[in-house]
Amino acid sequence: MTIKYLSLAVSLLFSLWVEAQENYGTPEERANYQTDQMKEALPLLPHQIEQVHQLNLKYARIVQREVIDTGMNHFSAYFYMQNLVDNKEKELFPLLSEPQIKAYLKLKSAVV
């Protein structure tokens, strides 16, 4: 069950452009969802939760502003999102332990 939740969280950034026409919540709601899933799946330690939440919120707001609100076409959004995920991971990995990073990458590879 935990793999399913993290897979959903990791794939959220990849799938936002597909769901751009649907109502899927605010950036805050998406960041809360991602953080909750990561808390369980990695699992996050108490001191990591707020840092990871702030990072998820930062990138959910970027996606909202740069992809969703602009109505970016799917082709452009796909490549933009790949770059955004790379940038997010550069900020995320220093917050995680080695086992958490390995779990994250393993689950990410199952999704992609």
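Mentor: Start with Arg61. In this predicted model, Arg61 is partly exposed, and its relative accessible area is 41%. That value falls in the middle class because buried means under 20% and exposed means over 50%. What does Arg61 form with Glu28? The two form a salt bridge, and their closest N and O atoms are 3.0 Å apart. Arg61 belongs to helix α3, residues 46–68, while Glu28 belongs to helix α2, residues 27–41. The pair therefore ties together parts that lie 33 residues apart in sequence. Glu28 is partly exposed too, at a relative accessible area of 33%. The contact counts because the cut-off for a salt bridge is 4 Å between a side-chain nitrogen and a carboxyl oxygen. As a general point, side chains of opposite charge can pair when their charged atoms come close.

How many salt bridges does the rule give? The count is five. Two further pairs deserve a look.

Take Glu66 and Arg65. Their salt bridge has its closest N and O atoms 3.2 Å apart. Glu66 is partly exposed, with 30% relative accessibility. Arg65 is partly exposed as well, with 46%.

Now take Lys108 and Glu89. Here the side chains meet in a salt bridge at 2.7 Å, N to O. Lys108 sits in helix α5, residues 98–111, and Glu89 sits in helix α4, residues 74–92. The two are 19 residues apart, and the pair links distant parts of the chain.

Gln100 counts as buried, with 5% relative accessibility. Which backbone oxygen does the side chain of Gln100 reach? That of Pro43, at 2.6 Å. Pro43 turns up again in the contact list. Setting aside neighbours within four places in sequence, Gln100 is in contact with Leu42, Pro43, Leu44, Leu45 and Gln48.

Next, the surface of helix α4. Tyr78 has its place in that helix. Tyr78 is partly exposed, with a relative accessible area of 36%. Together with Phe75 and Phe79, Tyr78 makes a nonpolar surface patch of about 350 Å².

The chain has five helices and zero strands. From the N terminus on, the order of elements is α-α-α-α-α. Among contacts between residues at least 6 apart in sequence, 68% join residues at least 24 apart. The accessible surface of the chain is about 6,300 Å². Carbon and sulfur atoms account for 57% of that surface.

To recap the charged pairs: Arg61 with Glu28, Glu66 with Arg65, and Lys108 with Glu89.

Note on methods: Residues are numbered from 1 along each chain as its sequence is written. This is a predicted model: local features need pLDDT of at least 70, side-chain atom pairs count only at pLDDT 80 or more; totals for chains, interfaces and linings use all residues. Side-chain values use heavy atoms; hydrogens and water are left out. Helices (H or I, at least four residues) and strands (E, at least two) are DSSP runs, numbered from the N terminus. Buried means under 20% relative accessible area, exposed over 50%, partly exposed in between (1.4 Å probe, protein chains only). A polar contact is a pair of N or O atoms within 3.5 Å; within protein, one must be able to donate a hydrogen and the other to accept it, and residues adjacent in sequence count only if both atoms are side-chain atoms. Contact means heavy atoms within 4.5 Å. Patches are made of residues with over 30% relative accessible area and no salt bridge: like charges are joined within 9 Å, nonpolar side chains (Val, Leu, Ile, Met, Phe, Trp, Tyr) within 5 Å. Accessible areas come from the Shrake-Rupley method with a 1.4 Å probe; for residues, only the protein chains shown count as cover.
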